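Hi,

Here is the structure I said I would pass on. Have a look at it first, then read my notes below.

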Amino acid sequence: RTLEEIEATNQHIVERVFRDKDGILLSFVNAHTMKPYALEDVKNRPNGIGGFTEHSDIPAEAKAVWMNYENAGQASGIYLDALCAKARATGDKDAGKLASQTVQAIATLWENAAQVQHPNGGSGRGWFPKPYLGMHNLTDMHECSIDQYCDITLGLHKYHLTLANDEEKRLIERIIISFAEWWYDHDYAGIYFGKAI
């Protein structure tokens with residue numbers, strides 16, 4: 001009934017339903033189970049056939065359940081921005097801890113993605129893929145869209161300005177600079193849904 005109750009409920013749902021075991025945020029869940037989509041939930045789109053992901057450069061087992069992590073970067077970046085605003089406005093220590101946890105999840109995904117090597121798609125330092133099978137299974141994740149980078153950068157920048165300690169500031173600077181260098185080194189082009197962007 002109040003803005004405080006709405007905010008507390010939203011945060012509870014994000015933490016209970018949308019934060020995965022590694023700390024990154026899911027972007028969608030099955031409304032009936034409140035869990036990530038499983039292959040048996042999307043029988044009408046086996047391997048993404050007939051869907052957006054049919055021609056994507058991602059593993060077949062991810063094509064039908066792509067929505068789970070499709071906007072993980074956006075969700076994590078926007079949520080981080082909101083946590084920073086809450087912590088700064090209210091002094092809520094839990095919001096600060098959740099923000100730090102989100103930064104660490106983003107950094108882990110960034111580090112894991114730097115190990116991916118692919119001659120025709122995303123790879124290397126500064127690559128931030130859509131982690132369709134989770135942040136520890138990125139070997140064949142060669143796609144992303146620019147909006148993911150925008151919202152991750154927004155959230156990291158807000159954390160840098162409001163809550164980060166010196167070590168975290170240096171980490172965030174390395175991440176954001178690597179993003180810029182990656183796009184520069186790739187002529188501002190990437191792959192998404194099997195097409196150049």
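By a nonpolar core I mean a set of buried Ala, Val, Leu, Ile, Met, Phe, Trp, Tyr and Cys residues joined through side-chain atoms within 4.5 Å. Bear in mind that this is a predicted model.

With that in hand, the largest nonpolar core here has 47 residues, and the members that touch the most others are Ile-24, Leu-80, Phe-128, Tyr-149, Leu-156 and Tyr-159. Helices α1 (3-18), α3 (72-90), α4 (93-114), α5 (146-162) and α6 (166-185) each put at least two residues into this core. The largest share, ten residues, is from α4. As a general point, nonpolar side chains tend to be buried together in soluble globular proteins.

Stepping back to the overall fold, you'll count six helices and two strands, and along the sequence they run α-α-α-α-α-α-β-β. The radius of gyration is 17 Å, close to the 16 Å that the globule rule gives for 197 residues, so the protein is as compact as a globular protein of that length. If you're setting up a box, the C-alpha atoms fill roughly 45 × 45 × 25 Å along the principal axes. Of the 197 residues, 47% count as buried. Taking contacts between residues at least 6 apart in sequence, 61% join residues at least 24 apart.

Now some individual residues, leaving aside neighbours up to four places away in sequence whenever I list contacts. Tyr-149, one of the core members named above, touches Gly-126, Trp-127, Phe-128, Cys-144, Phe-179, Trp-182 and Trp-183. Follow that to Phe-179, which sits in helix α6 and is buried, at 4% relative accessible area. Phe-179 touches Tyr-149 in turn, along with Trp-110, Gly-126, Phe-128, Ile-152 and Thr-153. Thr-102 is 77 residues from Phe-179 in sequence, and their C-alpha atoms are 18 Å apart.

Gln-11 is in helix α1. Is Gln-11 buried or exposed? The cut-off for buried is under 20% relative accessible area, and Gln-11 has 14%, so it counts as buried. Its contacts are Tyr-79, Leu-83, Lys-86 and Leu-98. Between Gln-11 and Tyr-37 there are 26 residues of sequence separation and 21 Å in space, C-alpha to C-alpha.

Tyr-37 turns up again as a contact of Asn-68, which also touches Leu-26, Ser-27, Phe-28 and Pro-36. Asn-68 belongs to the loop between α2 (60-63) and α3, and with a relative accessible area of 5% it is buried.

Asp-187 is exposed at 65% relative accessible area, and Tyr-188 is exposed at 56%.

Cheers

Methods
Residues are numbered from 1 along each chain as its sequence is written. This is a predicted model: local features need pLDDT of at least 70, side-chain atom pairs count only at pLDDT 80 or more; totals for chains, interfaces and linings use all residues. Side-chain values use heavy atoms; hydrogens and water are left out. The radius of gyration is taken over C-alpha atoms; the globule rule is 2.2 Å times the number of residues to the power 0.38. Buried means under 20% relative accessible area, exposed over 50%, partly exposed in between (1.4 Å probe, protein chains only). Contact means heavy atoms within 4.5 Å.
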